[in-house]
Amino acid sequence: MAGTMGGLKLLTNSAPKILRAANGLPTKSLPCVNYMAASTPARKYSIQAPVSKPEGRTLCTLIPGDGVGPELMQAMQEVLEAAGAPVDFETYFLSDIQPMLSAKVDDVVNSVAKNAVCIKGILSSPVTGDRASINYQLRSKLDLFANVVNVRTLPGIQTRHKNLDMIIIREQTEGEFSSLEHESVKGVVECYKIVTAEKSKRIAKFAFDYATKHNRKKVTAVHKANIMKLGDGLFLKCCQEVAKLYPKIEFDSMIVDNCTMQMVSNPHQFDVLVMGNLYGSIVDNIGAGLVGGAGVVVGSSYSANSVVYEPGSRHTFSEAAGKNVANPTAVILCGAKMLMHVNLQYHGSKIYKAVEKVLKSGKSLTKDLGGQSSTQEYTYAIIHALQH
Amino acid sequence: MAGAVGRLNLLKLTQNHVGSLTACAKPFGCASLGIEPTQQRRWESSAHLIKSLPKAKYGGRHTVTMLPGGGIGPELMSYVREVFRYAGVPVDFEEVPIDPSNDSNEDLEYAITSIRRNGAALKGNIETRSLSPNVISRNVAIRNELDLFVNVLHCTSFPGIQSRHSDVDIVVVRQNTEGEYAMMEHESVPGVVECLKVVTRANSDRVARFAFDYAKRHGRKKVTTIHKANIMKSSDGLFLAVCREVAKDYPDIQHDDMIIDNCCMQLVSNPHQFDVMVMPNLYGSIVSNVICGLIGGAGLLSGRNYGYEYAVFEPGTRNTGSAIAGKNIANPISMMNSAADLLHHLQLENHSVWLREAIDKTINVDKIHTPDLGGQATSMDVIKNIITFMQAKTKSSTFTERIEFRQASVI
C-alpha cells in the first residue's frame, strides 16, 4: 500500500509486492513469490493469492492538450488497453488557442471532480489577452495546489548524471502566477506575487507527507528570502514550522539561484524539494533536462480530492504535431501512475516494466533519445513488451 | 522520590485540565468556572499549528497512522492491510512502531505527532512494560495528549454467535481522559499510597453532551448515567449532576441513572433495559468488558476514541493478547470492525458498509469462528472469507464509488 502515489518509488522499493502482483499470472515468476513468502517472516500472515485487481471500470477524465498532445494520448490509451487496464476515458478537448473547438472549462472541472483522476496533455497559453489561462483556471477551480515532478533516471537514456531520483514539489495556486497584473501608470506594470501562510503551510505539509509516505529522508525548501524578505521569508518560515512536526525527516533550505547551479553540477544531494510557483516551474524544467528531456518526465497535480497527471515539463511541442516523432514516454507513464493511484498496481507496474524494458533495449527509441523510431513504432514496441 | 513524582504529575494534570477547559470553553460555555489558563501545555504550540493545517488527504487518498502495538496487534494490522489492498481502499498507512522495552518516550511522541498530522489512527493495544512510576502508560498518554475525551463502544449481538443474551444493542460512552486514570499516585508516608481520582465539570459536561448528541443523532431513546455517587458524593456526584443538567437540553431523550454495582448485575441479568450509557473512566473500562463478555468475548467489538480534532480506532477491549500472538488463532473481527469505523470516519462510506457486510456474513452466515468463539477456524480463514466478499464488491464498483465524498455524519 505504501508507494501507490509515487509509482516510481513503488517500483524500486516494493519489489516483493510487485512480484506478488505477478502472482496472478501463470508465469515463471510464481516460484519466486513462494520463495519470498517462505523466507520473510513478516509475510507469515499474508495470503498467497493474486494481489488486488479491483475490476470495476475506472472513469478517467482525459484532456488531450495542444501540440503533440492528442497523438501522445492515443499512444497512452493504446498501451493501457493492451495492458488490459479496466479504465474508460471521458475525453474533453480543451484549448486556449482553438477556442471554437474547446469544451467549457466548467464541464471539465466537473468531470475531474466527479472522476477524481485525470490525465492531461499540455495546454499552450497565449501570450496576449487579459483572460486567465485555462491552465490557471483548472488549477484554481479544482484547487490543485501541489505539483509533483519525479525526476528519476530511466534505464537506457544517456545523461550526464546517473541514478538521479528526486522529487520536486511546487505550490501552484499562488505566488507569481496570481494573474494579478496592471499598468499603474503608463510604462509601469505591476505584477503581484502573493504568498500566504495558509497555502505555504499546506504545501510544506504536502511535501513532508509525501516524503513520509515514500520513505524519503530530506526536504529542501527553495526560496529567495534574502531578497524577498517578506514574501519568500514567510514561505520559508512556514516550512520551518511544519518541519518541526516531522522529526525523522531532515530539513534544509537553499536559495533558488544556488539551487539551480547545484541541480546541474551535483544533483544527487537533493531528495525532496519544495518551492513556490515560479521557482518550481524553472527547477522542474532543469530536472526534466537532467534525465532526458520533456518527453520522459511525469508530473502530477494534487488537490485534496483529485489528481491530474500530466507531463512533468510543460511544452506542447506544436512544431512536431502530426509528424509522428514525439516521445510518448511521459504520457504513458502518466497513465501507469494513474493506474497505481486507483489501486490498479498490477496493470500500472506492468506498463512501467514494459517501458523500462524498451528503453533498456535501446531499440525503437524516438529521435529525442537518439533513436530512429516514430511515436507509433515506439508505442508498439511497448505493447509488444507488455506481452512478454 | 515518590512525592516528587506525584507533584510532577499533579503539575502536569493541572496543566492538562487547564488546557481542556480552555479547549472546551468555547463550544460548551464553561468559561464561568473562573479558572485562568495560566500554564500552557508542553505541546500546545504544535497543536495550535496543526489545527490550521489540512489533514493528509491528497488526490482522494488518505494517510492514516497505524500503531500496531504489542501482542496480536501486528498480525491484526497485517490483516487490515491485506483486506484494504484486496478491496482497493484508497488509504495508505504510516506505521509507527513503539518499542515497549524502551523507557524513553521518543517513539510515543513521534506517534502522537503523526496522529496530529494525519488526523486519524488505527491502533492496537500498546504495551508499557516498565513498572517505573516515571514511565506513563502509552495508551493513556495518547488519549490525554490528543485530548480524546470520549470512548464509544457500540455493543451489538451477533446472531451467529452463541451467547447468553441475544439482541443486545448498547452504546457505552466513556469519559476517556480523567477520573481514576489521571495517573496521579504517590506514597504520602511509607505504606500509604494515595491515588487521585479527578472529575471536572468541563470534561463531564462534554462527555455527557456527546452521549446525548449521539443518542439524538442515532435515534436512541434513553441515556443512563452510571456512577457511584452514593459513596463518592463529590466526584461522581459532580458527574451525575452535570449529566442531569445536560439532560435538560435534550427533552426528547429519557435520562436515568444507575449505581455501578447494580449496573453490572443488571447487565448480566437483563441487558436489554440499556440503550446509551454514559460513565466515568474506570466504570467504562469495567462495563465495556462485561458487555463484551456477554456477547462473545474480546475479539469482536471495536472502540472509537474521539476528541475535537482527532480520532483513534482500536479494538473494544484493550487487551494485547500476548498469549495467543503468532498462533494464527486470534480473532481478527474486532480489528476489522475498527477498520470499518475508520473508513466511516474518513467518509469512505461504501467501503465501510462492505466491510461490515463482510464481517456480518463471515460471522453470522458462513459461521467461520475462531477458537475463542468455539469454532475451529484460524484467523486466516476469517480474513480469507472477508477478502473474498470484499473483492467481489470491489470488482463491481468504480474508483469514484470507492472514494465517494459523501457528507456523512463524522461520528
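**Burial, backbone angles and confidence in a predicted complex**

Me: Why does A:Ala116 count as buried?

Reply: In this predicted model, A:Ala116 has 27 C-beta neighbours inside 10 Å. The class of buried residues begins at 20 or more, and A:Ala116 therefore belongs to it. The residue sits in the loop between helix H5 (105–115) and strand S3 (117–120) of chain A.

Me: What makes the phi of A:Ala116 worth noting?

Reply: Its phi is near 70 degrees, which is a positive value in a residue other than glycine. Most residues other than glycine have a negative phi.

Me: Why is A:Asp143 called partly exposed?

Reply: A:Asp143 has 16 other C-beta atoms within 10 Å. A residue is buried at 20 or more and exposed at 12 or fewer; the count of 16 falls in between, so A:Asp143 is partly exposed.

Me: Where does A:Asp143 lie, and what is its phi?

Reply: A:Asp143 is placed in the loop between helix H6 (134–142) and strand S4 (146–152) of chain A. Although A:Asp143 is not a glycine, its phi is positive, at about 55 degrees.

Me: Why does B:Ser104 count as exposed?

Reply: Inside 10 Å, B:Ser104 has 9 C-beta neighbours. The exposed class takes 12 or fewer, and B:Ser104 is therefore in that class. B:Ser104 belongs to the loop between strand S3 (91–95) and helix H4 (106–118) of chain B. Its C-alpha atom is separated by 45 Å from that of B:His255, a residue 151 positions away along the chain.

Me: How do you know what span is expected of helix H7 of chain A?

Reply: Helix H7(A) covers residues 197–213, which is 17 residues. The expected span is 1.5 Å times one less than that number of residues, given as 24 Å. From its first C-alpha to its last, H7(A) reaches 24 Å, close to expectation.

Me: What makes H7(A) mostly covered, and which residue with a positive phi follows the helix?

Reply: Of the 17 residues of H7(A), 14 are buried. H7(A) is followed by A:Asn215, with a positive phi near 55 degrees.

Me: What is the predictor's confidence in chain B, and which stretches have a pLDDT below 50?

Reply: Chain B has a mean pLDDT of 81, with 84% of its residues at 70 or more. Residues 1–46 of chain B have a pLDDT below 50, and this stretch has 52 contacts in the model beyond near neighbours in sequence. Residues 406–411 of chain B also have a pLDDT below 50, with 8 such contacts. For the complex, the predictor gives an ipTM of 0.77 and a pTM of 0.81.

How values were computed
Residues numbered from 1 in each chain as written. Chains lettered and ligands numbered in written order. Predicted model: local features only at pLDDT ≥ 70, side-chain atom pairs only at ≥ 80, totals over all residues. Helix = DSSP H or I, 4+ residues; strand = E, 2+ residues; numbered from the N terminus. pLDDT = per-residue confidence, 0-100. Contact = placed C-beta atoms within 7 Å.
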